[in-house]
Amino acid sequence: MIQRLTGIEACVFDAYGTLFDVHSAVGQCRDRFGLESGPAQTMSDSWRTRQLQYSWLRSLMGKHVDFWQVTGDALDFALDTAFGPGKAPDGLRQALMDSYLALHTYPEVPGVLRKLKDAGMKTAVLSNGSPSMLEKVCTSTGIDAVLDAVLSIEDVGIYKPHPSVYRLAVERLDLSGPAAVSFQSSNAWDAAAASAFGFKVVWCNRFGQARERLPGAPDVEVTSLTDLPALVGV
């Protein structure tokens, strides 16, 4: 039985890994560069892991750069690990960075966002991504038409899971408080942090991850966003 969330004024979504398949960047380049499936996935996993780690470490170090820089630095690490320093195929790095601006959405995403929007629910993205990154990927997938706001951590200058990031959604969407937000993320650490801040949280556990041992816990766990409209009563 679906556990309905009450008092929701806005559905706010993490972007990368929740709406957009981060591994689709490598997938778009596999055939062009002759990348084998197993090593390509390993490289993609390494890229994503370092991307997150660098965002957290830079926040702790007080050495902020935008997510485009972080994404490029993480990719350089992944390419050097996969091919050896300076030995990646010519053009692969640029192709992968270009692909990151045109990631694919997960299959259910456009329809879910449209249903929420048509029902009058406020919808927004709250992401580590830089404004230009988010603008390009939302436009390329067409979901910009069904979002009320696309919010970047660049407005507060520190990455998730800092509380000021989550506060941004409450302030920019002019909501009554954190409990008026249904926050959706596929990242377990993000779901925990958003819950600790006070959001009602739907953890989209697409890949069967274990729960994090952190403050906060999701209100609902799902395997896709398909059930979200019913969860928030639309």
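The axes of α1 and α4 (92–100) come within 8 Å of each other and cross at roughly 145 degrees; axes here are lines fitted to C-alpha atoms, for helices over the stretch in contact, and angles run from 0 to 180 degrees between N-to-C directions. The structure is a predicted model, in which local features need pLDDT of at least 70 and side-chain atom pairs count only at pLDDT 80 or more, whereas totals for chains, interfaces and linings use all residues. Residues are numbered from 1 along each chain as its sequence is written, and side-chain values use heavy atoms, with hydrogens and water left out. Helices (H or I, at least four residues) and strands (E, at least two) are DSSP runs, numbered from the N terminus.

α1 passes α4 in a right-handed crossing; a crossing is right-handed if the near helix is turned clockwise from the far one by less than a right angle, and left-handed if anticlockwise. On the α1 side, A25, V26, Q28, C29, R32 and F33 meet L92, A95, L96, S99 and Y100 of α4, where contact means heavy atoms within 4.5 Å. By class, this contact of α1 with α4 comprises eight nonpolar, two polar and one charged residues. In this scheme Ala, Val, Leu, Ile, Met, Phe, Trp, Tyr, Cys and Pro count as nonpolar, Asp, Glu, Lys and Arg as charged, and the others, Gly among them, as polar.

With α2, the axis of α1 comes within 9 Å, and the two cross at roughly 145 degrees. The crossing of α1 and α2 is right-handed. Here A25, V26 and R30 of α1 meet S37, A40, M43, S44 and W47 of α2. The residues in the contact of α1 with α2 are five nonpolar, two polar and one charged.

## Burial in α1

Helix α1 spans residues 24–33, and its buried residues are S24, A25, V26, C29 and F33. Buried means under 20% relative accessible area, exposed over 50%, and partly exposed in between (1.4 Å probe, protein chains only). The elements covering the buried residues of α1 include β2 (20–21), α2 (37–61), α4 (92–100) and β3 (104–105). Just after α1, G34 takes a positive phi of about 65 degrees.

## The parallel sheet

Six strands form an open sheet in the order β5-β4-β1-β6-β7-β8, with parallel pairing; two strands pair if DSSP finds at least two bridges between them. The edges are held by β5 (149–152) and β8, each with a single partner strand, so one side of each is left without a neighbour in the sheet. From one strand to the next, the twist averages 20 degrees. Helix α6 (residues 131–141) lies across β4 (122–127) and β5, running at about 145 degrees to β5.

Strand β6 (residues 181–185) is largely enclosed by the rest of the structure, because five of its five residues are buried. V181, F183 and S185 point one way from β6, while S182 and Q184 point the other way.

Strand β1 (residues 10–13) runs parallel to β6 and is joined to it by four bridges, and the bridge partner of V12 in β6 is F183. Four bridges likewise join β6 to β7, again in parallel. Across that pairing, S185 stands opposite W203 and S182 stands opposite K200. Together, β6, helix α8 (residues 188–197) and β7 make a right-handed β-α-β unit; a crossover is right-handed if, with the strands pointing away from the viewer, the path from the first strand over the helix to the second runs clockwise.

## Three loop residues

S130 is found in the loop between β4 and α6 and counts as buried because its relative accessibility is 2%. Leaving aside neighbours within four places in sequence, S130 is in contact with D66, F67, W68, S152 and E154.

A217 lies in the loop between β7 (200–204) and β8 (220–222), and counts as partly exposed because its relative accessibility is 40%. Not counting residues up to four places away in sequence, A217 touches A192, S195 and R211. A217 and A188 are 29 residues apart in sequence and 8.9 Å apart in space, C-alpha to C-alpha. A119, in the loop between α5 (109–118) and β4, counts as partly exposed because its relative accessibility is 45%. The C-alpha atoms of A119 and G233, 114 residues apart along the chain, are separated by 9.5 Å.
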